[in-house]
Amino acid sequence: MTNTVLTADRLCAGHGGTRVVHDLDLHVDSGEIVALIGPNGAGKTTTLMTLAGVVASQSGSVAIGGVVMTSPLHIRARRGLAVVTQERSVFMGLSVRDNLRLGSGPPEDALELFPELEALQGRKAGVLSGGEQQMLTMGRALASKPKVLLVDELSIGLAPQVVSRLLDALTVAASTGVGILLVEQKLDQALAVSNRAYLMRRGHIEFEAPSADLRTRTEDVHRMYLSNS
Ligand SMILES: Nc1ncnc2c1ncn2[C@@H]1O[C@H](COP(=O)(O)OP(=O)(O)OP(=O)(O)O)[C@@H](O)[C@H]1O
């Protein structure tokens, strides 16, 4: 039996009086990595932030683990939602160890996922590389054993091998049952790691497809859907 951990039902959202996301339906099942792809300005980040409770929805609903949520992010976090963004939410002045202790899960779980952090525990997070900070952010988020992880633009500013390492960790997390929604500009990497993809344009989901089907036609997908022209 599939276990749906995240559902958006006719979700509308935007900024101020402007609507950016229109009647969006999507779902993520436990253990699944789902990519949300689309050209710049399509509304992917706004969608993710609305699912997270950071941007208020205008209408429609969001459910986590089958429970409809209207609460802000910190309450959704208690219900099993975690978010990783390009901003890397670490406390720069605190050590890696203290950053991990401040998470809501066991630090050892984060270290198991990212053994690279073991030797860095005494260092201040602010002196880590961007990739190490992102490992810290992701390790801490996944140690909290979320049902759902929302990931926004992981690859920005990071070397390709670091991005691959982080995406591998998402695959490990998904194998333990976490459902992951991934917004990623790099189409090849998004499709390589995901099971399914939604393609978004101008605030609408245009189609949904198994990532394996899209992998064989990434050039077409780029030309037809991802260019802003
Ligand atoms: N805080 C904000 N206030 C006002 N408008 C915003 C805000 N954030 C985004 N927008 C607008 O909403 C629209 C969708 O932006 P959004 O960042 O969600 O798209 P995106 O698909 O994530 O794009 P990108 O790939 O470039 O990050 C854009 O027109 C953008 O200018």
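Between which two strands does the loop that holds Arg202 lie? In this predicted model, Arg202 is placed in the loop between strand S9 (196–201) and strand S10 (204–210). The residue has a positive phi of about 45° although it is not a glycine. Because 12 C-beta neighbours lie inside 10 Å, Arg202 counts as exposed.

The overall architecture may be described next. The protein contains nine helices and 10 strands. Its C-alpha trace spans about 45 × 40 × 40 Å along the principal axes. For 229 residues, a compact globule would have a radius of gyration near 17 Å, and the value of 17 Å found for the protein therefore agrees with that expectation. Of the 229 residues, 42% count as buried. Among contacts between residues at least 6 apart in sequence, 69% join residues at least 24 apart.

The largest nonpolar core comprises 67 residues, of which Leu149, Ile180 and Leu182 touch the most other members. When residues up to four places away in sequence are not counted, Leu149 touches Ala82, Val84, Ala141, Leu142, Ala173, Val178 and Ile180. Two of these partners, Ala141 and Leu142, are also listed among the buried residues of helix H5.

The ligand is surrounded by His15, Val20, Gly38, Asn40, Gly41, Ala42, Gly43, Lys44, Thr45 and Thr46. By class, this shell has two nonpolar, seven polar and one charged residues. Helix H1 (residues 44–52) provides the largest share of the shell, namely three residues.

Eight of its nine residues are buried, so the helix is largely enclosed by the rest of the structure. The buried positions of H1 are Lys44, Thr46, Thr47, Leu48, Met49, Thr50, Leu51 and Ala52. Just after the helix, Gly53 takes a positive phi of about 90°.

Helix H5 (residues 130–143) has 14 residues, and the distance from its first C-alpha to its last reaches 20 Å, close to the 20 Å expected at 1.5 Å a residue. Since 12 of the 14 residues are buried, H5 is largely enclosed by the rest of the structure. Its buried residues are Glu132, Gln133, Gln134, Met135, Leu136, Thr137, Met138, Gly139, Arg140, Ala141, Leu142 and Ala143.

Lys145 follows H5 and lies in the loop between H5 and S7. Its phi is near 55°, a positive value in a residue other than glycine. Lys145 has 16 C-beta neighbours inside 10 Å and therefore counts as partly exposed, whereas Arg202, with 12 such neighbours, counts as exposed.

How values were computed
Residues numbered from 1 in each chain as written. Predicted model: local features only at pLDDT ≥ 70, side-chain atom pairs only at ≥ 80, totals over all residues. Near = placed C-beta within 6 Å. Helix = DSSP H or I, 4+ residues; strand = E, 2+ residues; numbered from the N terminus. Nonpolar A, V, L, I, M, F, W, Y, C, P; charged D, E, K, R; others polar. Core = buried A, V, L, I, M, F, W, Y, C linked by C-beta atoms within 7 Å. Buried ≥ 20, exposed ≤ 12 C-beta atoms within 10 Å, placed from the backbone. Contact = placed C-beta atoms within 7 Å. Expected span 1.5 Å × (residues − 1). Rg over C-alpha atoms; globule rule 2.2 N^0.38 Å.
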